[in-house]
Amino acid sequence: MKIMVILAHPNRRDSRANHILTTEISQESNIWIRDLYQEYPTWIIDVEKEQRLLLEYDRIVFQFPFYWYSCPPLLKKWFDDVFTFGWAFGPSGENLKGKEFLIATTTGGTENQYRSGGYNWFSISELLKPIQTTIMRCNGTFLPAFVTYNANKGSTEYLQKEAVRYKKHIYESREILIR
Ligand SMILES: Cc1cc2nc3c(=O)[nH]c(=O)nc-3n(C[C@H](O)[C@H](O)[C@H](O)COP(=O)(O)O)c2cc1C
């Protein structure tokens, strides 16, 4: 299985959690990690290239720090630009049919704070619904997300354990993830 990880971190230099997660998977021969903010400093996305790459990979992972209950803005722009009418959805827009998509995010909040009725009112699954709906509109398969909570206060040892769990999650078969 060919896996493409699209990392969207606006401030990668100061990243601890996402840095540890990407380091864990960086030596994997069938995982290609890309850094969206590094690749597109002017935010002008090469749509043709992105669409070509999407066709080449079986599983696409969007990795990002959770910002204001959502993804960082360049990734939102990436969806807006790349998932075009007639290519990703609409008539003859069947290019993403069956392709697997997976969100991997890190949050400052704890798992306890992301429960219905809790401190943040909603769970991460609920808050990811706009992205899930986007993927499903484009006939993609939306796999259960990977979440590392408490990313700022968690110890390095905790984050390293999370990174091991992340690698396992990325490789896990669809059947196991959704059972
Ligand atoms: C602009 C901004 C918005 C953020 N919004 C949230 C949020 O909505 N929920 C949350 O749990 N953490 C939020 N955080 C905390 C980040 O998710 C956290 O710092 C990040 O996941 C840590 O990963 P890193 O070490 O790779 O940067 C926010 C941080 C910033 C800078």
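Tutor: Start with a definition. Buried means under 20% relative accessible area, exposed means over 50%, and partly exposed is in between. Tyr69 has a relative accessible area of 30%, so Tyr69 is partly exposed. Keep in mind that this is a predicted model.

Tyr69 sits in the loop between β3 and α4. Its phi is near 65°, a positive value in a residue other than glycine.

Now the ligand. There are 17 residues around it, and Ser15, Asn18, Phe66, Thr106 and Tyr114 come nearest. Look at the polar atoms next. One oxygen atom of the ligand is 2.7 Å from an N or O atom in the side chain of Ser15. An oxygen atom of the ligand also lies 2.6 Å from an N or O atom in the side chain of Tyr114. At Trp68, the backbone takes part: a polar backbone atom there is 2.8 Å from a nitrogen atom of the ligand.

Take Thr106 from that group. Thr106 belongs to strand β4, residues 100–106. Its relative accessible area is 5%, so Thr106 is buried. The side chains of Thr106 and Asn18 are joined by a polar contact of 3.0 Å. Set aside the neighbours within four places in sequence. Thr106 is then in contact with Ala17, Asn18, Leu21, Phe64, Pro65, Phe66, Thr148 and Ala151.

Asn18 leads us on to Gln63. Beyond four places in sequence, the contacts of Gln63 include Asn18, Leu21, Ala104 and Tyr166. Gln63 is in strand β3, residues 59–65. Gln63 is buried, with a relative accessible area of 0%. Its side chain makes a polar contact of 2.7 Å with the side chain of Tyr166.

Follow Tyr166 into its helix. Tyr166 is one of the buried residues of α7, along with Leu159, Glu162, Ala163, His169 and Ile170. Seen down the axis of α7, the buried residues fall within an arc of 125°, so they line one face of the helix. The face turned away from that buried side carries the exposed residues Glu157, Lys161 and Lys168. Helix α7 spans residues 156–171, which makes 16 residues. From first C-alpha to last, α7 reaches 23 Å, close to the 22 Å expected.

Go back to β3 and cross to α4. In α4, the buried residues are Leu74, Leu75, Trp78, Phe79 and Val82. They cover an arc of only 150° around the axis, which puts them on the same side of α4. These buried residues pack against β1, α2, α3, β3 and α6. Trp78 shows part of the picture. Not counting residues up to four places away in sequence, Trp78 touches Ile6, Leu36, Ile45, Glu50, Leu54, Phe62 and Phe83.

Trp78 also belongs to the largest nonpolar core, which has 36 residues. There, Leu54, Phe62, Phe64, Leu75, Trp78, Phe83 and Ile131 touch the most other members. Helix α4 gives the largest share of this core, five residues. Another core, of 18 residues, lies apart from it, and its members include Val5, Ile31, Ala151 and Leu177.

One last stop, past α4. Ser92 is found in the loop between α4 and β4. Its phi is near 55°, again a positive value in a residue other than glycine. Ser92 counts as exposed, at 63% relative accessibility.

Definitions and conventions: Residues are numbered from 1 along each chain as its sequence is written. This is a predicted model: local features need pLDDT of at least 70, side-chain atom pairs count only at pLDDT 80 or more; totals for chains, interfaces and linings use all residues. Side-chain values use heavy atoms; hydrogens and water are left out. Helices (H or I, at least four residues) and strands (E, at least two) are DSSP runs, numbered from the N terminus. The expected span of a helix is 1.5 Å times one less than its number of residues. Buried means under 20% relative accessible area, exposed over 50%, partly exposed in between (1.4 Å probe, protein chains only). The arc is that of the directions from the helix axis to the C-beta atoms. A polar contact is a pair of N or O atoms within 3.5 Å; within protein, one must be able to donate a hydrogen and the other to accept it, and residues adjacent in sequence count only if both atoms are side-chain atoms. Contact means heavy atoms within 4.5 Å. A nonpolar core is a set of buried Ala, Val, Leu, Ile, Met, Phe, Trp, Tyr and Cys residues joined through side-chain atoms within 4.5 Å. A residue is near a molecule or strand if one of its heavy atoms lies within 4 Å of it.
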